[in-house]
Amino acid sequence: MTNAVTVSFPAQTQYVSLARTMAAAMAVRADLPIDQLEDLRLAVDEAAAQVVLDAVPGSDVQCVFIESHGSLRIEVRGTTASGVVPATNTFSWTVLTALVDNVTASVNAGEVCLTLHVKRHEPVDA
Amino acid sequence: MSSVDTSPPGDERWGDEQRARERELLDVLASAPEESAEFAAAREELITMHLPLVHHIARRYRDRGENYDDLVQVGTIGLISSIDRFDIGRGLEFSTFATPTIVGEIKRHFRDRTTTIRLPRRLQELRGPVYVATEDLTGELHRSPTVREIADRVGISPEDVLEVLEAQSAYSAKSLDDDGDDDRGGVASTLGFEDPGMEEIEYRESLRPLLDKLPERERQIIMMRFFKNMSQSEIAEQVGISQMHVSRLLARALAELRAGLTAD
């Protein structure tokens, strides 16, 4: 079973905290240990900030959180002004890859999507 | 604009005489070599002379929950940077020039430090128990506990735990440098590694000076987390602080780095 939650907000930095808060709430649902939870919060913050900074003014950013069996997939989507796929040799990318298990970036028809995957590292007794 | 009263308020003696002195000092800054004693003395006197202006501006912000002395301190940073950037040739009154910079520093301080909502009493009371439970469980489980586990231990809801954690990570950053469990020298000296992986980072040119500006401990934690791929818990153990503390320092350092990288 999967559960998806979507948050949509104006592409402005002051809204990024919404994505961060939602990330933490979803991490609780996925029963992530708090160090992974805090990492995820930072990662979503970073990803959302990245998308916001390159967003077409006036556009919206969507964060889709998909939870299934102790793992989370988060898609951060926005309309890209540069049309360029985020580079992987930046500090921002280094931060993202360190914080989550897997991260990919793509651009399709003017929409950038950063996808973050995180899986509970250690088994947690129910 | 000359009709605007630009004298530092609170000092009635700020008359023609002082204005002339200000001009003299600014002339010294414009002409004397930067490393000369004369330059340093003039700069110093200008700073002292305009402190009432900083106080005046800081007072306007003092009812917003931040420590007044801190506001004066960041305002003074604005004053000093105004003195250093002032171009006498542009014919502006110095205080007209300095005021927006001082206000800017104070506002920036609010943005940086007080994204924190004041913690409701209920959450404040939960902070201690959540912290203790987190530390205990980390020891017992040999891993970072989940929110649910902490909630069970404390006997509160997972939502409350999350709120405490969240408030914690935004909690007034200024206390982090002096909250007792600090062992700055020790941390810095035990971690001698040389920036692994940094060469590949495109931003290294701009990142390096920003990293250098971070307090030593935050810089080390950034390096450990992102370039040595240590977990927050591992860092906590090595540095001798709590994982929650590591998390707060990371969040703050990243915010500072990002602000710096996107500033231009």
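1. Burial in chain B. Of its 264 residues, 28% count as buried (20 or more other C-beta atoms within 10 Å of the residue's own, with C-beta atoms placed from the backbone). The model is predicted: local features need pLDDT of at least 70, side-chain atom pairs count only at pLDDT 80 or more, and totals for chains, interfaces and linings use all residues. Residues are numbered from 1 along each chain as its sequence is written, while chains are lettered from A and ligands numbered from 1 in the order in which they are written.

2. Make-up of chain B. The chain has twelve helices and zero strands (DSSP runs, H or I of at least four residues for helices and E of at least two for strands, numbered from the N terminus). For contacts in chain B with a separation of 6 or more, 65% come from residues 24 or more positions apart (a contact means C-beta atoms, placed from the backbone, within 7 Å).

3. Helix packing in chain B. The axes of α5(B) (residues 121–141) and α6(B) (residues 147–154) come within 9 Å and cross at roughly 115 degrees. Axes here are lines fitted to C-alpha atoms, for helices over the stretch in contact, with angles from 0 to 180 degrees between N-to-C directions. On the α5(B) side, the contact uses B:P129, B:V130, B:A133, B:T134 and B:L137. On the α6(B) side, B:E149, B:I150, B:R153 and B:V154 take part. By class, that is six nonpolar, one polar and two charged residues (Ala, Val, Leu, Ile, Met, Phe, Trp, Tyr, Cys and Pro are nonpolar; Asp, Glu, Lys and Arg charged; the others, Gly among them, polar).

4. The side of chain B that touches chain A. Chain B puts 30 residues into the contact, and chain A 25 residues. In chain B, α6, α7 (158–170), α10 (216–227), α11 (232–239) and α12 (243–261) each supply at least two residues. The most come from α12(B), with six residues. The chain B side divides into twelve nonpolar, eleven polar and seven charged residues.

5. Strands in chain A. β3(A) (residues 71–79) and β5(A) (residues 111–119) pair in the antiparallel sense over nine bridges (pairing requires at least two DSSP bridges). A:G78 stands opposite A:V112 of β5(A). β4(A) (residues 102–108) also pairs with β5(A) in the antiparallel sense, over seven bridges. There, A:V103 has A:L116 as its bridge partner.

6. The β4(A)–β5(A) hairpin. Two residues lie between the strands. A:A109 takes a positive phi near 50 degrees.

Conventions:
Two residues are in contact if their C-beta atoms, placed from the backbone, lie within 7 Å. A residue is buried if 20 or more other C-beta atoms lie within 10 Å of its own, exposed if 12 or fewer, and partly exposed in between; C-beta atoms are placed from the backbone.
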